[in-house]
Amino acid sequence: MKIAFVHQNFPGQFLRLAGSFAAEGHEVVGLGMVRQCSIPGVKYFSYEAVPGPEDAPYQNRYSPVIPRLRRAYGVAHRAKALASQGFEPDVVVVNTGWGENLFLKDIWPKAKHVAYFEYYYHAKGQDLDFDPEFPVTNEEVIWRLRLKNSMQLGALDAADLAVAPTRYQRDTFPDYLRDRLAIIHDGIDTKRLVPDRNVRIRLGQDGPPLTRNKPVVTYVTRNIEPMRGAHVVFKSLPYLLDIDPELRVVIIGGKGTSYSGSAPGGQSWFDVFKARIERPVDWSRVHFVGNLPYDQFVKVLQVSSAHVYMTYPFVLSWSSIESMALECRIVASDTEPVREIVQDGVNGRLFPFFDEKALAERVRETLAEKEKSAAIAAEARRIAVAKYDYETVCLPQWRDFLGIQ
């Protein structure tokens, strides 16, 4: 079969799928805005967004629409060029978050067009109004959500099939649309992501060596910002360090923004959160390591004694399920996306999102109740393998969904 995957930051979620189908002998094409991408067997073509009013004075007001339309036109022109050269795919799979699928059905009308959706926005009941510490008072923020959703509705209209990675993310869509969206996770490599009792890692050239012999609490986020609960983790630091004089905390994450708005006063959220900690902190035992290469990220989780995961009601991080596969002792926020994968006392421990003392108490329980915590961690891995393994679970689901044999 001929299969096209489209993602402005190609391959995005489609790395494994594109590679798997190419390895099986299918003709796989990738389209994106990155200059180069090398996946064995995949033919990659970059495109440029068409010129547009991206520098207009009111760019922020139109940002949910203009950049997406520029990408939609850009990838459409690239697809037309491929069609003129004889490429007619059987299946086209597009991450709709970037606007790219809007015109592709007109260029490849015989193909099966598949829309990958991550999230449908709401002004109430999800991430926007979740955190009273950071209220949204600008009504145009809400209007921008409606613009984002209008683009998604257009994407759904242009699709033959639609899919979301988790039930929670599917259920953010209106009731009358949910039946159109299948639920298939991207999958994780549980053969690679395995616990290592003998792991040893040094944080930087002069950092301390970490092993599983001393307590290590870990927290991972793409960027330190409110959406993933970093402010609660920072507030918890004095209480975490009180648990054990040898305990260390490792925080993985950059100082930019991914999902939350900008911090006030031109600061980083990192600086804001650090300044708001009310009790003294022994910073020699807290290690901010930025964004790590993937193999080092895995080692940090392998050495973890208690792994903290937090999120607003929003898109679930891949790292949450990766930590389950690594048999981490998970301490997570009791929010709806998390409850889909973590059951309190079964494969992790949950705590109220805004309660930094409860977070620390659940970590203390995790460290003190060693046998129970080991059993909970083993169950976390079992669930990760049974429900989210790429090769044995998710790839067959994708194959059936796309009709690729």
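This is a predicted model: local features need pLDDT of at least 70, side-chain atom pairs count only at pLDDT 80 or more; totals for chains, interfaces and linings use all residues.
**Helix α5**

Let's start with α5, which covers residues 139–157. With 19 residues at 1.5 Å a residue, the helix should span 27 Å, and its end C-alpha atoms sit 28 Å apart, so the two figures agree. As a reminder, an α-helix makes a turn every 3.6 residues, so residues three or four places apart point the same way.

**The second largest pocket**

Now for the second largest pocket, which holds about 400 Å³ of space. It is lined by 17 residues, and the closest to its centre are Arg212, Ser305, Arg329, Leu367 and Lys370. Two helices, α13 (356–368) and α14 (370–388), each bring at least two residues to the lining. The top contributor is α13, with 4 residues. Here is how the lining splits by class:

| Class in the lining of the second largest pocket | Number |
|---|---|
| Nonpolar | 6 residues |
| Polar | 5 residues |

**Serine 20**

Last up is serine 20, in helix α1 (residues 15–23). Is serine 20 buried or exposed? Its relative accessibility is 15%, and buried means under 20%, so serine 20 counts as buried. Setting aside neighbours within four places in sequence, serine 20 is in contact with Tyr390 and Leu395.

Methods
Residues are numbered from 1 along each chain as its sequence is written. Side-chain values use heavy atoms; hydrogens and water are left out. The expected span of a helix is 1.5 Å times one less than its number of residues. On a 1 Å grid over the protein atoms alone, a cavity is a set of points where a 1.4 Å probe fits but cannot get out, and a pocket is an open set with protein on both sides within 12 Å along at least five of seven lines; lining residues have an atom within 4 Å of a point. Grid points are joined across faces, edges and corners, and a volume is the space filled by probe spheres set on the points. Ala, Val, Leu, Ile, Met, Phe, Trp, Tyr, Cys and Pro count as nonpolar, Asp, Glu, Lys and Arg as charged, and the others, Gly among them, as polar. Buried means under 20% relative accessible area, exposed over 50%, partly exposed in between (1.4 Å probe, protein chains only). Contact means heavy atoms within 4.5 Å.
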